[in-house]
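Please look through the sequence and the structure shown here before reading the notes that follow.

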Amino acid sequence: MFVSQAVMAAQLGDRGGLSKGGSRKEKLRAMAVGMGAASEGGQYSGKMTPFVVLSCMMAAMGGVLFGYDIGISGGVTSMEAFLVKFFPEVDRKMKEDKDISNYCKFDSQLLTSFTSSLYLAGLVASFFASSVTKSFGRKPSIIFSGLVFIAGSALGGAATNIYMLIFGRVLLGVGVGFANQAVPLYLSEMAPSKYRGAINNGFQLSVGIGALTANLINFGTHKIKAGYGWRISLAMAAFPASILTLGALFLPETPNSLLQLGKPYQLVDEMLQRIRGTSDVQSELADLIKASEIAKSIDNPLKNIMRRKYRPQLVMAIAIPFFQQVTGINVIAFYAPVLFRTIGLGESASLFSAIMTGAVGLVTTFISMLVVDKLGRRALFIAGGVQMFVSQIIVGALLAALLGDEGSVSKGYSFVLLVLICVYVAGFGWSWGPLGWLVPSEIFPLEIRSAGQSITVATNFVFTFIIAQTFLAMLCHLKAGIFFFFGGWVVVMTVFVYCFLPETKNLPIEKVELVWRQHWCFLLCWYSITTASQNSLQA
């Protein structure tokens, strides 16, 4: 390892313009020998450059794909023309079956299969995406996600039967799986440490933009008298996918990934100087090289991540995406128009209400971007959890008191319910929404980062699939109690964050690992390792 770093120093020192009085070369040699401690205060030199902003904005378009699909599926499944063509049984229950409960009108396993098939495909794709992202880089994964998404959009828009429709969703799932694997890693690795929270939260902001755009398109296309509006809604997903694919061709690869791919140190140094806007990148470069050397010594990251020393991070990689899904946000994200129709709003009013909740989520995610690196991750998690819990309990209580199996809620109470749901969405928008992607992407050391992200994405897809597949049946059986069910989980996750999650704001990404070494959870794991080793030696 020392030899390789010395070679790097020689390569950089021989380059013109680096040997200004020998100081640059001497610094790099000292860095190579001394393993390059981070600069004072744990921060590296550098600033937010336009190059980084533009690169991250383009990469974050991957979030638009995810958000658009979340928003579009809920809208088209409430459109009468779409239901008549693919799900006539659901349409018949809505129009003719007067005895069926308000909560059970949309209970159809075939209908939920349309929504959830994407997430099952994304689950499978995420494991392949981990290997591709590690072996070929973040950029190729992003490009591939856009291409597959375009194909899925075309198939969905042209669907003539349920098989074409669901196969199109499967292709969309593959695209989303690759995007959700590569984009959060790309954003975390490109961003300066003191702005990493804001930059990475841009992924969730993009998800919100995609969902809001989908709701607006649904609101317009459902009015098309000829009944083909749903085709436009599904096919329009190809537009952001095309922007992502073309834009990704011009994206730079992250310095972390360049080292992982075995690129020359000189190229990595030049990229770091370009994205940080300074020539003083020795400390960060040294830490990246150190992390890369460790990463290259790991043959099987997925196996290595199971080691006890990584246990705290592994728990977070599973717990955070699980908790993100059982907040109940998908009640709103997937089925907002369906839910609003359940409480008695018409088709147009339901779609417009979904637009309002989408706009609230977008605004609050933007607020989260502004404050996450000042207030920290823990504060937003806890405050958002309290806000979501209170609003969910009130919504559940009102529905239990006002909405029976038949009839509808008055317009006044419908407005109150809409406001409370917006309060809930706001709580998610500045806490579990963006932070559910940010925290897992920044807590793993480089040698297992891609594997850790794949576990995060896979866990997210597993429980997204379960919620999507079971929600309509749960709504039918639990009725208003569905909000109490998710509210209970919000309490559990808020307590979990308070007890177990350390603060990671403003730490360089290759230094985040250090905060775990000081956390009681890590110390407990380390104590158990040393105790087991001592017992083994004594035996």
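The expected span of a helix is 1.5 Å times one less than its number of residues, and helices (H or I, at least four residues) are DSSP runs numbered from the N terminus. This is a predicted model, in which local features need pLDDT of at least 70 and side-chain atom pairs count only at pLDDT 80 or more, while totals for chains, interfaces and linings use all residues. Residues are numbered from 1 along each chain as its sequence is written, and side-chain values use heavy atoms, with hydrogens and water left out.

**Helix α14**
- Helix α14 covers residues 265–276, and its 12 residues should span 16 Å at 1.5 Å a residue, which agrees with the 16 Å between its end C-alpha atoms.

**Aromatic rings**
- The whole structure holds 20 aromatic pairs, where rings of Phe, Tyr and Trp (its six-membered ring) pair if their centres lie within 6.5 Å, and planes under 30 degrees apart count as stacked, over 60 as edge-to-face and the rest as tilted.
- Phe66 and Tyr119 form an edge-to-face pair, because their ring centres are 6.4 Å apart and their planes stand at 65°.
- This pair links distant parts of the chain, with Phe66 in helix α4 (residues 61–76) and Tyr119 in helix α7 (residues 109–136), 53 residues apart.
- Phe66 counts as buried at 6% relative accessibility, and Tyr119 counts as buried at 0%.
- A cluster linked by ring pairs includes Phe322, Phe381, Trp432 and Trp489.

**Charges over rings**
- The charged end of Arg274 sits over the ring of Phe51, 3.9 Å from its centre, given that a charge sits over a ring if NZ of Lys or CZ of Arg is within 6 Å of the ring centre and within 35 degrees of the ring normal.
- Lys85 lies over the face of Phe86, 5.8 Å from the ring centre.

**Lys303**
- Lys303 belongs to helix α16 (residues 301–304), and its relative accessible area of 63% makes Lys303 exposed.
- Although 148 residues separate Lys303 and Ala451 in sequence, their C-alpha atoms are 9.1 Å apart in space.

How values were computed. Helices (H or I, at least four residues) and strands (E, at least two) are DSSP runs, numbered from the N terminus. Buried means under 20% relative accessible area, exposed over 50%, partly exposed in between (1.4 Å probe, protein chains only).
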